[in-house]
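Student: I have just opened this structure for the first time. Could you show me how to read its features, one at a time?

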Amino acid sequence: MDEISISEIKKKLINYYINTKSNDNLFTKNASWIYAYRSVSGLTNITVVSDRFEGLSHQDRRLQVQQLVNCPTGSLSLYTIQEAEVLELDYPDEIQNNSVRTWHDLVAWSQNHESTENLPIVNHPKVVAFYSFKGGVGRTTALTHVAWLLAKNGKKVVVVDLDLEAPGLNTAFNLRDIPQLGLVDYFYERAYALENSNFQISIGDIFTEVHVDETSGQLIVVSAGRLGFSYFAKVDDLKSTSRVDGIGSLWDVFKQDIIKQVRPDIILVDSRTGINQWSAFSLIQNCDEIFIFLFPNLQNLQGVSTLVELLAKYSQKEINFVFSPVPDLNQDTLFKVDQLHDQLNRIFLKYKDLSDGLNESDRFSIETQDLSDQRIVIPYLPAIARAESYPVVPLATYYQEIANYITRNGFDKPDLKVSANRWSILKSLNFPRSFDAGRNQSNLERIFQRTTQFNRLLEETTCLILGKKGTGKTAIYRFLTDQYCQTTISEKFRDGQLLSRLQDIYIVSGYGQIHGIERPSKDYLSQINQAIQSLNSSWSSFWRLYTLIRIYQQLSQKRQEKSLLKLSRHSDLRALKESLNIFLKPQFGNKQLESFIQILSNPAQCNRIPDVFRIIHENLSKESKSLWILYDDLDEDFSARGSLQKLALQGLFEFLQELDARNMIRLQLKIFLREDIWKSLVFENKSHLNGRYVVIEWKHIDFLRLAYRFITQSPEIHEYLNEVRIIPEQEIDNVNETQLSEALRPFWGDRIRKGSRGKQVYRWMYERLMDTSGTAFPRSLPILLDAASKKELEYEGEAANRTPKQQLLRTDSLVAGLKKASEERCDAIRTEIQAQYPELEKFFDQLQNFSALLTNDELKSTWELLNSQDITDDQTSLTDYESFKKLLIELGLIEYRPKDDKYRFADIYAYGFGMKRTGVP
């Protein structure tokens, strides 16, 4: 017969015995009441106070109750209301959440609560316990290394020695100048002090700081105390369940004091081994996350299993398993570790709260599959075993994974409650369908994100900014040239080094989009090219004149900068100045074209242009200023067909070298150019530019920062994030990956799949928005986020228990967003290579339904099919298979994988070209 639950017993007793007519309050004097609880031995102890016992003997009362509840009973206390008054019986206190402080309490709780109500946890700061059922498994050693790693990473870490019966942290850290008093003295004074006592031992008396080189973090050790007769007596007398009058438990008092004194990010606790009052104190009363260390054998498994069941069922504590020290990391040993790890995970998951809305069987199958490869294994390390103190810095990396788990779970996880207003937040998101700085992005100053190479771009020697299309070259150009950005640049970037570089610099556009000023159309450029050829002139002359025109157009509109153009004292330049006045109007029409060609054909004027640059340079020197001249859109206006692009760009670099030769250091050209175009250029002294260029690259942290800027454009999500953890706009460039990842967790979660070892969402996105050359495309990011948000809105109205409660976007939505971003990127590369490699358009059309992981023969067959079609004489780039492969690799479309002997297409292209990803990692 199945055992009847405590709640069912209470229900039966209340229905039969409670006299609700006499008093609706069941738990006060002069009223009927019942109390039932199950002891750790499994017997049910019952107290009933009811008028229904009037006239019945105690034996009859016992038989009546036993027949009613139909279960093994222990003590039965059965009274009438009058008898209870004479005996002065009161309704006893229930076992409350905050009263579960010992292993006995926890077992009693488990016997008497069938609901999913959990023990409370406190996360301010997060407390992590290091525990082992048996000794000798490297628990304290691991704790010292993890504490050092966290402090090295800038965290303020407090380490507490709660192994009071066998303390060892003082020795482990080789603390020489330890305090006279320790945690035992601190606890003892408070446990036995009279109410409202003034404590003599303060929190500052019991800890010491461990010096950690080259970090802003701190490592503080709270020792158990100095060993001696007094210490032994206090530990023997001290009770972990002691309460401090008016404040709380011993741990509550300690935590309040340590937070007030130190304000740590995290507290690491070295717990007592085994099943005893101090291990319960660590694992039940004070911690939020537990790392259980065990040697991979049956003895450890049996001891840990029951403990895991208790903790998993009745608390929200995270439990991680560390197998240590594993002597041989061979296949057989690791197989055994996997088996034990799987068994412990099954126990843990069986009782873990089903908070994600999946039924138990679904959650179990998903989580078990993912958690099985999340084991942490610490090998036997002879150098660690021989060490007299820790950390052993060269071996600290063996413990990095534990530190990563702690930082992964965060230090202060708020209750996000995303589900309460998720749909209104999602509807408020508005990502640009195509984030292109070349178009009119009115909020560019808010979403502009400088990459890690941005400061190099600002150096005086940097004259060339390279990057693939879509990597943000034009965004930088626009940010530096647009007037509204110029006025806010000092507010956006507050670091002194950047401000000192920009405060003495004028910035103009030498070529590219600039508000209110037209540039020559492609037809006009073609006519200018013809004029250059007929006049036997050069493209360097074009850039000399055109740059001067752009300087005149922009600086003449500003009062302060206008002083740089003072030519009135130079009468010999009057004719040239009058010709330049024609270009003060923003249009570039037939009249301007005619005047431009006329100046080029007039040596008297054309030859004086360098003198004007000299005068501008002199005026800049007087003001101790510099003038940056920026060039963009060169690949847009100068066609790759024929020789126009090559001639025009060679002329621009000749003009650059001319200024260098004249030592005009205050006139600095900064040319934004596609990387592939730069590689294809051949001109004299090209090597002189080595070391003077920077390649725009987007790292993980850059992507995270850009995503944060995009997402917080929504007023609703900005307001929502402000409730949990908002990063001020001016601080985005100063926070690290961990802080940003945690701040964005309410939006897209932590991992792309269930389980702690699943790839972090932002790293998954970054890698999928990257080609095979390692270039990530920020322009694709808002496409992904926009499509993912719209996909998520399709789930509105579905069963609530299937909707994520801790994040806005689920994995399926992110994958849908990735496919949309891939389609956009495929369209972009088709446009990008259309002029230079038009044959590839036919190659792209063949890729649908091909595997994204091709053998050499399969790739060659696509080339042969392509090469069998008509190709004009000037399109020879694909007539050789090796050149074809090299081109695809240079474009970042494919990479060779020696392990598989296959060619892998980048995810950013595979989805958009309709390729199959079966077998692709």
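Predicted model: local features only at pLDDT ≥ 70, side-chain atom pairs only at ≥ 80, totals over all residues.

Student: How many residues of H36 are buried, and which ones?

Tutor: Eleven of its 14 residues are buried, so by the cut-off of under 20% relative accessible area H36 is mostly covered. The buried ones are Ser780, Leu781, Pro782, Ile783, Leu784, Leu785, Asp786, Ala787, Ala788, Ser789 and Glu792.

Student: What span does H36 have from its first C-alpha to its last?

Tutor: Helix H36 covers residues 780–793 and reaches 20 Å, close to the 20 Å expected at 1.5 Å a residue. You can read helix H29 (residues 644–661) in the same way: its 18 residues reach 26 Å, close to the 26 Å expected.

Student: Why is H29 described as largely enclosed?

Tutor: Because 13 of the 18 residues of H29 are buried, the rest of the structure largely encloses this helix.

Student: Now for sheets. What holds the strands of a sheet together?

Tutor: Strands pair through backbone hydrogen bonds, and the pairing is either parallel or antiparallel. Here, three strands make an open sheet, ordered E1-E2-E3, with mixed pairing. Strand E1 (33–38) and strand E3 (73–79) are the edges, each pairing on one side only. From one strand to the next, the twist averages 5 degrees.

Student: In which sense do E2 and E3 pair?

Tutor: Strand E2 (residues 44–49) pairs with E3 in the parallel sense, over five bridges. To find the place by eye, look for valine 49, which stands opposite tyrosine 79 in E3.

Student: Which helices lie across these strands?

Tutor: Helix H1 (residues 6–17) lies across E1 and E2 and runs at about 160 degrees to E1. Helix H2 (residues 58–69) lies across E2 and E3, at about 125 degrees to E3.

Student: Let's go down to single residues. Is threonine 208 buried or exposed?

Tutor: Its relative accessibility is 16%, so threonine 208 counts as buried. Threonine 208 sits in strand E6 (residues 207–210). Setting aside neighbours within four places in sequence, its contacts are Leu175, Asp177, Pro179, Leu219, Ile220 and Val221.

Student: And the cysteines: how many disulfides are there?

Tutor: The count comes to zero disulfides, taking a pair of cysteine sulfur atoms within 2.5 Å as the rule. Cysteine 71 has a relative accessible area of 15%, so it is buried. Cysteine 606, at 8% relative accessibility, also counts as buried.

Student: Can we step back and look at the whole chain?

Tutor: Gladly. The chain has 41 helices and 21 strands. Of its 921 residues, 53% are buried. Among contacts with a separation of 6 or more, 76% join residues 24 or more positions apart. The accessible surface comes to about 41800 Å², and carbon and sulfur atoms account for 46% of that.

Terms used
Residues numbered from 1 in each chain as written. Heavy atoms only, no water. Helix = DSSP H or I, 4+ residues; strand = E, 2+ residues; numbered from the N terminus. Expected span 1.5 Å × (residues − 1). Buried < 20%, exposed > 50% of the residue type's maximum accessible area, 1.4 Å probe, protein only. Contact = heavy atoms within 4.5 Å. Areas by Shrake-Rupley, 256 points an atom, 1.4 Å probe, with all protein chains shown as cover. Pairing = 2+ DSSP bridges. Axes fitted to C-alpha atoms, helices over the stretch in contact; angles between N-to-C directions.
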